[in-house]
Amino acid sequence: MSDDAVTQGPGAAAGNGATLVDQRGLSPRAHRGGATSPAAVELLRTLRLLYTWVQRFFPHILLAVIAVAVLRVYMDGGATLMGEQIRNALVLGAIYALVAIGYTMVYGIIELINFAHGDVFTLSGFYALTFGSLFGGAIGGLATGNGGLGLALALILIFALTMTAAGFTGVLIEFVAYRRLRDAPRLAPLITAIGVSFLLEGTMLLLYGPDNIPTKDGGWITGHAFTLGSVTVEWKQVVVVGVAIALMFSLGAFVRITRLGKAMRATAQDRNAALLCGINVNRTISATFFIGSALAAAGAIVYSINYNLIQWNLGYRLGIIAFTAAVLGGIGNIVGAGIGGFLIGIIAVFGGQLAGAQWSDALVFAILVIILTFRPVGLFGVDVANRA
């Protein structure tokens, strides 16, 4: 054997010492994939640009659509109908906002969609009904028989008692159902939340029955506050919107300024780092559930004052719509969730007016799909890594 053959190895016998396979007689493999036509490439480029444009200007598009809907109602029914629907939308949106804030607080801290939150809203309505009946209806008598001062004291009492009871209910739910599942796969606490929701609904059905129940505080606030043109605004509607706005901005300030609020933001950003800094994570999460459930209770009280009824399964539908409001405003953003609640109220009312009441919920959930497609962080949200 020659020195060249030894140096080149076995491939030399085939005349191709640089490769392991004899390349003689082989040709390049033809590309069998279908050729993309220039028209298809241009269509894909156009769709991508359209998606980017919609994603960038989504808030402007949403506001434009709402403005067109309001204008359409004005053209169909005049200024009176438009004004009445704006009033109804703000009242409904205020209730959605109070429930949505609770959703966004819990998700911002432990990234859990607490589907039982809507049922805590309903349970809080029954709490208010129970407290209004205690002591021979003394709180109701105070509200209706002692002028403005008696009404103010009765409202303070019913809000304090109901929000406290709802807050401890939320803490109990977190301790029993969610605490042991914090490090579990995300599907486990989600299924647990659904189970807690069904448990609360079944309990309320057994205790209070399937029918609408008139509330004790529905007649506390009466009279007209003011009139704009031909649209009359009642005092109870002013209270509903005022309570929602006051609690929304007060909670935002609480989270920004107070020590507990800073602990909540630290826990939301990095739970392990917060623990290393000396923050009691369990206490912080329990406080979050307490505050979120208390806000749901405030929503239940103003709902019962305005609509004068409560039902065992009311929170299921309302809770899902409030979750949509939280996603629209930006999960993890308190003020954003509140604004999202008001926007969802406007969409539900004006969409129902134009398309029919049977389409109201469908439009709301269509908004949810559109948000998740084009702007998953919502109008005022941030990336999950920076949500605190």
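Which residues does Tyr178 touch, not counting residues up to four places away in sequence? In this predicted model, Tyr178 touches Leu112, Asn114, Ala116, Ile173, Pro189, Thr192, Ala193, Val196 and Phe289, where contact means heavy atoms within 4.5 Å. The model is predicted, so local features need pLDDT of at least 70 and side-chain atom pairs count only at pLDDT 80 or more, while totals for chains, interfaces and linings use all residues. Residues are numbered from 1 along each chain as its sequence is written, and side-chain values use heavy atoms, with hydrogens and water left out.

**The nonpolar core**

- Tyr178 is also one of the residues with the most contacts inside the largest nonpolar core, which has 102 residues; a nonpolar core is a set of buried Ala, Val, Leu, Ile, Met, Phe, Trp, Tyr and Cys residues joined through side-chain atoms within 4.5 Å.
- Helix 3, covering residues 58-110, gives the most to this core, with 23 residues; helices (H or I, at least four residues) are DSSP runs, numbered from the N terminus.
- As a general background, nonpolar side chains tend to be buried together in soluble globular proteins.

- Thr288 lies in helix 10, which spans residues 281-307, and Thr288 is buried with a relative accessible area of 2%; buried means under 20% relative accessible area, exposed over 50%, and partly exposed in between, using a 1.4 Å probe and protein chains only.
- When its neighbours within four places in sequence are left aside, Thr288 is in contact with Met105, Val106, Ile109 and Met264.

**Salt bridges**

- A search of the whole structure finds 7 salt bridges, each being a side-chain nitrogen of Lys or Arg within 4 Å of a carboxyl oxygen of Asp or Glu.
- One of them joins the side chains of Glu42 and Arg45, at 2.8 Å from N to O; these two residues are 3 residues apart in helix 2 (residues 38-56), and are therefore separated by about one helical turn.
- Glu42 counts as partly exposed at 43% relative accessibility, and Arg45 counts as partly exposed at 40%.
- Glu174, Arg179 and Arg182 are linked in a network of salt bridges, in which the closest N and O atoms are 3.1 Å apart for Arg179 and Glu174, and 2.6 Å apart for Arg182 and Glu174.
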